[in-house]
Amino acid sequence: MKIALFATCIVDAMYPQTARATVKILERLGHEVIFPSGQACCGQMHINSGYMDEALPVVANHVAAFEAKTYDVAVAPSGSCVASVKHQHPVLAERCGDAALKARAEAVGAKTYELSQLLVDVLGVTNAAEQLGSHFAHKVTYHPSCHGMRSLHLGDRQLDLLKSVGGIEVADLPEADQCCGFGGTFSMKNADVSSAMLEDKAKNIESTGASLCSGGDASCLMHIGGGLSRTKSNTTTLHFAEILASTITEPVSVTGEVFVGKGGK
Amino acid sequence: MSNVFMGMPSLPVFGDGNLHIDEPFPAAAHRELGNTQMRANLRHATHTIRDKRLKVVGELPDWEELRDAGAATKNQVMANLPALLEEFEKNFTARGGIIHWARDADEANRIVSDLIKEQDTDEVVKVKSMATQEIGLNEYLEEQGISAFETDLAELIVQLGHDKPSHILVPAIHKNRTEVRDIFLAEMPNVDPNLTDEPRLLAMAAREHLRRKFLSAKVAVSGANFALADSGTLAVVESEGNGRMCLTLPETLITVMGIEKLLPGKEDLEVFMQLLPRSSTGERMNPYTSLWTGVTEGDGPQNVHLVMLDNGRTAALADKYGRTALNCIRCSACMNVCPVYERTGGHAYGSTYPGPIGAILTPLLTGIKSEENSSLPYASSLCGACYDACPVKINIPEILVHLRGEDVDSKRGENKLPSQMDLMMKGAQWAFSSGKNLGLLEKGLPLGKLAAGRDKKIKRLPGIAAGWTQSRDIPAPPAQSFRDWWKKDHRPAAATTEQEK
């Protein structure tokens, strides 16, 4: 299968190792990954901040970058960005009175999958240890990000994949379904409420005794990780794609730096 | 209104009353977050009610279908509102009720006050009602020399404590029972000075206090949960029985109801009577449901009035992307599951309607430009828990985002310097609307790494970004973006075909 990677802006610029891990997993399964070079961002920050006029060219750029028929499906290691592509893009195009863009956005949205959706629903991966060779000998807890959970209805796809990794111990996170308080510019506009939500999330994570908290959205993990870092916690965060990419011979370190094996540098 | 009637309907008017917040949400939230007792009370109460709701909702295999049915019925009502209102008026009037139409809070207050004065009394008993909270009826009546006694236990606590409700269903949710005991001891006439904080004793004290009022009051004021167009019937759903007392004992009953409360007919109650108690109190069925249709000679109130309140509802109905907010049945499930409400409490929202529904309904009723109401749609991380819990499937996150757009658009063209947020969004528009631009910007990543210093963390940022760094670090950026790595270093492991560069 030919799979177009939507890296997402935050992973592209801040967490390239997450996109590299995504590529590694898909190539390990024998698929061809392409990276449409026109891509930038889903526009969710603009939309969710109310800047619709400014969001329109960002959305139009994403649609233009991903509407080529040269790939089978698109994938992003983010529930939030995929939810934006699928649900927000057509709504924004309609609001801005661009019916043609709305139709094009719907077509792109229909072909776009969040990583665990693609792995489980399309590629039939249910056992990461067996099918991907995933191995990660650490105690991990897992935060299901809101948009993946409630907009995409991912259910336990990410968690089940993590549990099937060799050597891993997965600890249940108390009040897992509670938002970490990120919410994009909410974290700046309503910093006090956001911080209060984060404080509770961090406490729950630390109560599990896990050495790290995994999840499917780099933005939420940056938020949680940033809070844990500020309180000098020993716990850190790591995207589930990196855990799936980790093997016995090419392990990922818990600080998030990918050990790149052959095929990389 | 002093406008001369010109034969054409005037533009919808926005609502007034207790809907305008005078302090931006972030400032009010900052203050409320510091109230640790309130936060502990609220955390306990919201978590208890969340669990109860999940349990009783889980019992119904057709819960999702019920939600769909509720949403469809309400959408149909809003689409046919003018015809349904006329049908209701005809039937209500035919059964001896008298309808009054109120464009805004002021009109509604004057109508109710005049009706009370006609009965030669200066005391009324009240059934818990959001519409009368919204229009500030108690305050208005007090100015007119009329005392309104709240008979719902929690409303009574709030009234005796000279406080404001912080929740639409559990107005005293921010108080624990010890605080309630203290209010009763200080404010309730003839209360037993040895009253403890045992809930049963507190309820008994309130009952004794209220019973005297029920038996003497000549006029009752209520709200309504539903109005059935095909029969002219009104309905109140409650837990304590105080409502039943008010609806049956006094000679005069004045109901104040928003025009959006209509349902086509009694068969629709089948759906809503399953949705509402489960979503609000987490009960399979509420203890008291009262339905009344006009006047019955020799039985119950002989003067039955209904004030139909617009107060911004027509304006909300005119908003294509926001109108489903009018589908709200005031169950409060959204605030019980909201992580923001759980921490700030209802007072931070400033309006009669707090929580997620308040953050959309308040600015829809008043217009986004009213005082500080434009800060309300931002009072959400957009986690979506409210949408999942809503029994009539109001897509609250989507309407929050829509209203943020209305806010930003309403400020465009103002002759002001662009805000930091404006500048950030403009800059990001440039970066995010082309892969080439983002690639160029990413060339600067090593600078960020340098700025992060030896511990690889950015701990302080200026301006609005300081909100982030007040409790969070940012990791040092990588030396190379993914885009750059892909271009220069990616060697496909499996496929050998030409890669897109």
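Predicted model: local features only at pLDDT ≥ 70, side-chain atom pairs only at ≥ 80, totals over all residues.

Visitor: Which are the buried residues of H8(B)?
Guide: They are Ala154(B), Glu155(B), Leu156(B), Ile157(B), Val158(B) and Leu160(B).

Visitor: And what do they pack against?
Guide: Four elements of chain B: helix H6 (130-135), strand E3 (147-150), helix H9 (177-187) and helix H10 (199-216).

Visitor: What happens at the start of H8(B)?
Guide: There, Asp152(B) places a side-chain oxygen within 3.1 Å of the backbone nitrogen of Ala154(B). Just after the helix comes His162(B), with a positive phi of about 50 degrees.

Visitor: Switching to charges. How many salt bridges are there over all chains?
Guide: The search of the whole structure gives 43. One of them pairs Glu260(B) with Arg313(B), and their closest N and O atoms are 2.7 Å apart.

Visitor: Where do Glu260(B) and Arg313(B) lie in chain B?
Guide: Glu260(B) is in the loop between strand E7 (252-258) and strand E8 (262-263), while Arg313(B) belongs to helix H13 (residues 313-317), so the pair ties together parts 53 residues apart in sequence.

Visitor: Are Glu260(B) and Arg313(B) buried or exposed?
Guide: Both of them are buried.

Visitor: Which residues do shared partners join into one network?
Guide: The network is made up of Asp53(A), Glu54(A), Arg95(A), Glu406(B), Asp409(B), Arg412(B) and Lys426(B), linked by salt bridges that share partners.

Visitor: Both chains show up there, so let's do the interface. How many residues are in contact?
Guide: On one side 71 residues of chain A, and on the other 83 residues of chain B. The area buried between the two chains is about 6,700 Å², and carbon and sulfur atoms give 57% of that.

Visitor: Which residues in chain A lose the most area to chain B?
Guide: Tyr51(A), Arg95(A) and Arg230(A), which together make up 10% of what that side buries.

Visitor: How many salt bridges does the rule find across the interface?
Guide: It finds 11 between chain A and chain B. Take Arg43(B) and Glu175(A), whose side chains meet at 2.8 Å, N to O.

Visitor: Which helix gives the largest share of chain A's side?
Guide: That is helix H12 of chain A (residues 191-207), which supplies 9 residues to the side touching chain B. By class, this side of chain A has 33 nonpolar, 23 polar and 15 charged residues.

Visitor: Okay, chain A on its own. How many helices and strands are there?
Guide: Chain A has 14 helices and 8 strands. Its C-alpha trace spans about 50 × 45 × 30 Å along the principal axes.

Visitor: What radius of gyration would a compact globule have with 265 residues?
Guide: Near 18 Å, and chain A agrees with that, having 18 Å. Of its 265 residues, 65% count as buried. As for contacts between residues at least 6 apart in sequence, 77% join residues at least 24 apart.

Visitor: Leaving aside neighbours within four places in sequence, what is Thr237(A) in contact with?
Guide: Cys213(A), Leu221(A), Ile224(A), Gly225(A) and Leu228(A).

Note on methods. Residues numbered from 1 in each chain as written. Chains lettered and ligands numbered in written order. Heavy atoms only, no water. Contact = heavy atoms within 4.5 Å. Buried area = accessible area lost by both parts, 1.4 Å probe. Salt bridge = Lys/Arg side-chain N within 4 Å of Asp/Glu carboxyl O. Helix = DSSP H or I, 4+ residues; strand = E, 2+ residues; numbered from the N terminus. Nonpolar A, V, L, I, M, F, W, Y, C, P; charged D, E, K, R; others polar. Buried < 20%, exposed > 50% of the residue type's maximum accessible area, 1.4 Å probe, protein only. Polar contact = N/O pair within 3.5 Å; in protein donor to acceptor, adjacent residues only side chain to side chain. Rg over C-alpha atoms; globule rule 2.2 N^0.38 Å.
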